[in-house]
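Work through the exercises below with the sequence and the model open. Each task is followed by a stepwise solution.

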Amino acid sequence: MASKHVIRRAAALREQINEHNYRYYVLNEPTIPDAEFDRLLRELEGLERRYPESITPDSPTQRVGAQPLEAFSEVVHEIPMLSLGNAFDEGEVRAFDRRLRERLRVDVLEYVCEIKLDGLAISLMYEGGKLKRAATRGDGTVGEDVTQNVRTIKSIPLSLRAQRFPRVLEVRGEVFMTHEGFVALNKMQSAHGQKIFANPRNAAAGSLRQLDPRITASRPLDMFCYGIGKVEGVLSDRHSDILARLRECGLKVSPETVVVNGVHECLDYYHHIVAIRHRLAYAIDGVVYKVNAMQQQQTVGYIARAPRWAIAHKFPPEEELTKVLAIEVQVGRTGALTPVARLKPVLVGGVTVTNATLHNEDEIKRKDVRVGDTVIVRRAGDVIPEVVQVVKERRPKTARSFSMPRRCPICNSEVVRAQGEAIARCSGGLYCPAQRMQVILHFASRRAMNIEGLGDKLVSQLVRKGYVKTVADLYSLRVDQLAALPRMGERSATKLDRALKNSKLTTLARFLYALGIRDIGEATAELLAAHFGSLKALEQADVEELQKVPDVGPVVASNVAAFFRQGHNRRVIKRLLDANLCWKTRPPMAPGHRPLSGQMFVITGTLASMTREEAKQRLQALGAKVTASVSKNTRFVVVGTDPGSKLERAEQLGIRLLDERALLDLLEGT
Ligand code: JCF
């Protein structure tokens with residue numbers, strides 16, 4: 001038999017757990033760590049196991065108590081659960097407001113504005129502050145008893161928190177699933193070979209309609225309350241105050257709810273919500289305006305199945321049907337080719353859509369999109385419109401399928417698609433106008449040709465003026481040309497001219513890196529330079545030869561080979577060399593020749609010109625071993641700024657120290 005002490009302890013634990021549940025699930029402001037919460041819950045579970053007679057029906061352990069049902073039973077809503085009239089544009093909202101003002105003979109009405117969740121309507125019946133029954137809306141008069149399932153939703157209190165509440169209180173609201181919960185659920189479903197839900201609404205509805213409450217308990221459901229049904233007594237004479245009372249009772253009410261004056265402010269609210277809609281964690285399909293004064297609500301009453309005192313202002317649909325007029329290919333700044341569907345213009349979510357991305361070749365194949373097809377296009381928030389699916393029944397006989405062009409539609413260079421990659425790319429990097437800005441900026445960057453003062457504003461001007469079409473044009477810029485540019489003067493022009501001249505003396509590795517060949521970072525450029533010794537040897541190498549370079553696999557090799565195959569690129573390189581770009585040529589290394597072979601390096605502190613990882617890779621490329629700690633076998637310690645204790649240890653052992661300059665000399669001079 002449970003002692004008084006046990007009963008009291010269990011009650012105290014329940015209160016604490018309920019409080020933390022409330023803070024976590026309703027307020028989204030947890031105040032204790034999960035581990036602490038688990039400890040409380042385990043203690044309560046332990047007590048209840050030993051003294052089952054101490055269990056109360058509203059104990060937080062009792063959310064998933066019940067056995068699976070055979071079927072749902074019916075619930076009759078004493079006060080019907082109504083739907084809402086719809087307004088699809090501002091004119092209809094103004095007409096709604098005008099009608100009400102005429103009926104009520106007032107100049108301005110006070111409204112409550114709420115978001116309209118895309119979930120399913122639920123009624124919660126509290127008696128004596130305890131959740132007694134939960135039901136779906138059904139046809140508005142008769143719904144299904146889903147109490148067992150609703151009890152598993154953590155943001156719904158099993159007992160009300162407030163000190164005072166009506167003996168009978170029916171709360172109404174919308175059960176929904178967040179986008180995040182929806183994605184996670186579908187991932188799980190797919191991993192277990194279970195049904196995939198089309199949208200969060202269906203997922204929420206499907207989850208509540210489970211006969212086994214354990215399944216519902218595993219689904220991430222949530223609820224916002226927006227009104228009341230049957231109540232003994234009066235809660236308040238204003239809708240906004242009723243919502244405040246519900247909040248006090250521990251029920252979750254949307255934080256996006258506001259009180260406004262007049263239809264104008266309703267429309268402001270609508271635009272505000274449209275603007276923040278994509279930042280909300282859950283799907284909404286419009287906003288709701290409600291007359292705030294209960295007295296006024298009563299006066300205007302109901303039409304058929306909806307209140308006259310409220311209206312839903314719906315968002316325009318975000319999916320529409322239209323026709324694919326053509327499939328074209330866009331070349332991005334990195335040379336990526338993206339197929340784009342040109343569409344017969346269509347209004348989607350209030351915006352005219354004329355094209356939609358098809359992502360890549362495989363996506364087109366998967367969706368089987370053809371020119372002439374009727375398709376569903378979707379626009380969500382600010383994202384680029386996309387083709388969701390083809391309406392196969394409407395495919396004309398003349399529909400043509402798409403294939404990726406072999407040549408870049410902008411510059412006519414070869415298009416290559418690396419093994420295992422989804423994206424096809426233009427290989428005319430040095431020449432292709434689509435890639436111009438990016439390529440020039442990269443070429444000029446500090447670790448590439450290091451052309452000081454050539455930033456994106458200046459490059460953009462040079463490109464727009466037509467002075468620079470390829471990187472080779474940089475070296476024929478004249479000081480007077482530069483000086484005449486906006487925000488440039490004689491001084492800056494001379495400085496840039498000097499920087500250009502200074503950049504001409506470089507290293508082969510830097511030059512290769514500067515060319516911006518796909519996947520050729522500094523480390524790989526270093527390896528290529530070391531292996532081939534000269535640009536000529538590299539240009540002539542085939543894929544097989546290229547793969548002899550450490551770290552160069554088939555994908556990188558084919559990128560390099562494709563790059564040098566393009567006559568366009570070779571002509572730009574020739575012009576660069578004609579401008580007297582130069583570097584020390586060194587004899588090619590014997591394959592596998594590694595000048596630092598077997599030497600142990602340790603790197604400590606921060607380097608200015610590269611990360612420690614890059615330094616490590618570049619040293620390793622030359623055969624060095626790079627280790628984490630200093631020992632008597634360490635040959636060199638590379639010391640950056642803010643070195644650690646490794647420096648002390650190196651000094652103790654008398655190991656040679658290299659500063660960054662010395663490291664660079666070693667890397668570039670070997
Ligand atoms: O969020 C909703 N879907 C929603 C539905 C919000 C409301 O304020 C509602 C509703 C359905 C009926 N109000 C009523 C009266």
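The chain is divided into domain 1 (4-62), domain 2 (85-314), domain 3 (319-394), domain 4 (429-503), domain 5 (508-583) and domain 6 (600-669), with bounds from an automatic or database domain assignment. The model is predicted: local features need pLDDT of at least 70, side-chain atom pairs count only at pLDDT 80 or more, and totals for chains, interfaces and linings use all residues. Residues are numbered from 1 along each chain as its sequence is written, and side-chain values use heavy atoms, without hydrogens and water.

**Exercise 1.** State what distance separates the centres of domain 3 and domain 6.

Solution. Taken over C-alpha atoms, the centres are 53 Å apart.

**Exercise 2.** Locate the largest nonpolar core.

Step 1. A nonpolar core is a set of buried Ala, Val, Leu, Ile, Met, Phe, Trp, Tyr and Cys residues joined through side-chain atoms within 4.5 Å; buried means under 20% relative accessible area (1.4 Å probe, protein chains only).

Step 2. The largest such core has 59 residues, and I451, L474, Y475, L512 and F564 touch the most other members.

Step 3. Domain 4 and domain 5 both contribute residues, so this core lies between them.

Step 4. Another core, of 36 residues, lies apart from it and includes V112, V175, L208 and V253.

**Exercise 3.** List the contacts of L474, leaving out residues up to four places away in sequence.

Solution. With contact taken as heavy atoms within 4.5 Å, L474 touches I440, F443, I451, L454, V468 and L500.

How values were computed: Buried means under 20% relative accessible area, exposed over 50%, partly exposed in between (1.4 Å probe, protein chains only).
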